[in-house]
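Reader: I am new to this structure and want to know what stands behind each label. Could we go through the terms one by one?

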Amino acid sequence: MTVKENPVLKVKNLQAYVPTPKGEIKPVNNVSFSINKGEIVALVGESGSGKSVSSLSIMGLNSSAIQYKQGSEILFKGQNLLKLKERDMRKIRGNDISMVFQDPMFSLNPVHPM
Ligand SMILES: Nc1ncnc2c1ncn2[C@@H]1O[C@H](COP(=O)(O)OP(=O)(O)O)[C@@H](O)[C@H]1O
Ligand SMILES: [Mg+2]
């Protein structure tokens, strides 16, 4: 095993929550993982376990109803993406970090130019 270089992406203590009158819903409750260069990582879990909310957190595309607990970090190129302004996140989204959405036959329709 080679010496680990800095991970390309590091998700640390990610806690996404939705405040409601009856208390907090916690779609993602303290998730941490990192992805090294050249590595392929799969998030696996049952339906409703928080895979989509975790991924959309990285993209900065969750509904504004979803908030992040203090201490949640998504570290990319030395910055916490959760703290970025939308203007700065737009420079990263689609250039450095992209997402193929669910239903790829629709998302990647070969006869539909992007
Ligand atoms: N905007 C939201 N408001 C309230 N609850 C949400 C919202 N988005 C997702 N959830 C809830 O968070 C949990 C995790 O959802 P999700 O990440 O879509 O799961 P998965 O992709 O693993 O099936 C589910 O219980 C879902 O209903
Ligand atoms: Mg999902």
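Author: What follows takes the labels in turn and sets values against definitions.

Author: This is a predicted model, where local features need pLDDT of at least 70, side-chain atom pairs count only at pLDDT 80 or more, and totals for chains, interfaces and linings use all residues. Residues are numbered from 1 along each chain as its sequence is written, chains are lettered from A and ligands numbered from 1 in the order in which they are written, and side-chain values use heavy atoms, with hydrogens and water left out.

Reader: How many helices and strands does the protein chain have?

Author: The protein chain has 3 helices and 5 strands. Helices (H or I, at least four residues) and strands (E, at least two) are DSSP runs, numbered from the N terminus. The order of elements is β-β-α-β-β-β-α-α.

Reader: What makes β1 and β2 a pair?

Author: Two strands pair if DSSP finds at least two bridges between them. Strand β1 (residues 9-20) and strand β2 (residues 23-35) share 9 bridges and run antiparallel. Therefore they pair. A hairpin of 2 residues links β1 to β2. Pro-19 faces Glu-24 of β2.

Reader: Why is Lys-12 called partly exposed?

Author: Buried means under 20% relative accessible area, exposed over 50%, and partly exposed in between (1.4 Å probe, protein chains only). Lys-12 has 35% relative accessibility, so the residue counts as partly exposed. Its place is in strand β1.

Reader: What is Lys-12 in contact with, leaving aside its neighbours within four places in sequence?

Author: Contact means heavy atoms within 4.5 Å. With neighbours within four places set aside, Lys-12 is in contact with Val-31, Ser-32, Gly-71, Ser-72 and Glu-73. Ser-72 is 60 residues away along the chain, yet the two C-alpha atoms are separated by 6.1 Å.

Reader: Is Asn-62 buried or exposed?

Author: Asn-62 counts as buried, because its relative accessibility is 16%. This residue sits in the loop between α1 and β3.

Reader: What makes the link between Asn-62 and Tyr-68 a polar contact?

Author: A polar contact is a pair of N or O atoms within 3.5 Å; within protein, one must be able to donate a hydrogen and the other to accept it, and residues adjacent in sequence count only if both atoms are side-chain atoms. The side chains of Asn-62 and Tyr-68 are joined at 3.0 Å. The Asn-62 side chain also reaches the backbone oxygen of Val-53, at 3.0 Å.

Reader: Which residues of α1 are buried?

Author: They are Val-53, Ser-54, Leu-56, Ser-57, Ile-58 and Met-59. These buried residues pack against β1, β2, β3 (67-68), β4 (73-76) and α2 (86-92). After α1 comes Gly-60, with a positive phi near 70 degrees.

Reader: How do you know which residues surround ligand 1?

Author: A residue is near a molecule or strand if one of its heavy atoms lies within 4 Å of it. Those around ligand 1 include Val-18, Pro-27, Lys-51 and Ile-66. Helix α1 (residues 51-59) gives the largest share of this shell, 3 residues.

Reader: Where do backbone atoms meet oxygen atoms of ligand 1?

Author: A polar backbone atom of Gly-48 is 2.7 Å from a ligand oxygen. For a backbone N or O atom of Val-53 the distance is 2.9 Å. For Ser-49 it is 3.2 Å. The protein covers 63% of the 560 Å² of accessible area that ligand 1 has on its own. Accessible areas come from the Shrake-Rupley method with a 1.4 Å probe; for residues, only the protein chains shown count as cover.
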